[in-house]
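User: Hi, I'm new to this one and would like a quick tour. Could you walk me through it?

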Amino acid sequence: MAAAPNYAGGALMGIQAIGTIAGAFMQADAAKAQAKAAAAAAEYNAVLAEMDGKAEARRLRRGSRRALSSQFVQMAGKSGVMAEEGGWLERLTQNAEEYELNALNASIAGRNTARLNRMHGANAISQGRMQAGAAMLTGASRLGGMAYSLYGTGSRKPPGTELG
């Protein structure tokens, strides 16, 4: 008596194959979506860093103007004080230069932080693409394993090579 074909096993294998393919696509889509979210967060942080750098530079410049004004009043406000080369006016100029350098450094720090955040965002996109590709390769590998288990070890001879 010949064994009845196992249609249920083939149907279940087909369902498993469809599930494997769908799962691979869903993992790939999830990896891309996560990467986009990380990139959006990085861009948001970059904008905030630029704004913070500019705000800090403005704050430092305001404080610098007050400090320089106070220094000028203290030094020049005294009766009979003359502006001389190498004297208090030169020191006031040096102070102004240092204050401006501090403000510029704050602005540069904000831009550098923003650049770093944008690089993190670009890296997240790249990583998401790699994870999506890995999910697809894993799905293909699982399908290959299923096909191998379904069709055996390949011990059958190719058609047309049998000798009678």
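**Salt bridges and surroundings**

Analyst: Glu100 and Arg61 bring their side chains together in a salt bridge, 2.7 Å from N to O. The pair ties distant parts of the chain, with Glu100 in helix α2 and Arg61 in helix α1, 39 residues apart. Keep in mind that this is a predicted model.

User: Is Arg61 buried, partly exposed or exposed?

Analyst: Buried means under 20% relative accessible area and exposed means over 50%. Arg61 comes out at 28%, so it counts as partly exposed.

User: Which residue forms a salt bridge with Arg118?

Analyst: Arg118 sits in helix α2 and its partner in helix α1, 75 residues apart. The closest N and O atoms are 2.9 Å apart, and the partner is Glu43.

User: How far apart in helix α1 are Glu56 and Arg59, in helical turns?

Analyst: These two form a salt bridge, with the closest N and O atoms 2.6 Å apart. Glu56 and Arg59 are 3 residues apart in helix α1, so the separation is about one helical turn.

User: Is Ser64 buried or exposed?

Analyst: Ser64 is in helix α1, which covers residues 7-76. Its side chain reaches the backbone oxygen of Leu60 at 2.6 Å. The cut-off for buried is under 20% relative accessible area. Ser64 has 9%, so it is buried.

User: What accessible area do Tyr44, Val47, Leu48 and Met51 have together?

Analyst: Tyr44, in helix α1, is exposed at 54% relative accessible area. With Val47, Leu48 and Met51 it forms a nonpolar surface patch, and together they have about 370 Å².

Technical notes:
Residues are numbered from 1 along each chain as its sequence is written. This is a predicted model: local features need pLDDT of at least 70, side-chain atom pairs count only at pLDDT 80 or more; totals for chains, interfaces and linings use all residues. Side-chain values use heavy atoms; hydrogens and water are left out. Helices (H or I, at least four residues) and strands (E, at least two) are DSSP runs, numbered from the N terminus. Buried means under 20% relative accessible area, exposed over 50%, partly exposed in between (1.4 Å probe, protein chains only). A polar contact is a pair of N or O atoms within 3.5 Å; within protein, one must be able to donate a hydrogen and the other to accept it, and residues adjacent in sequence count only if both atoms are side-chain atoms. Patches are made of residues with over 30% relative accessible area and no salt bridge: like charges are joined within 9 Å, nonpolar side chains (Val, Leu, Ile, Met, Phe, Trp, Tyr) within 5 Å. Accessible areas come from the Shrake-Rupley method with a 1.4 Å probe; for residues, only the protein chains shown count as cover. A salt bridge is a side-chain nitrogen of Lys or Arg within 4 Å of a carboxyl oxygen of Asp or Glu.
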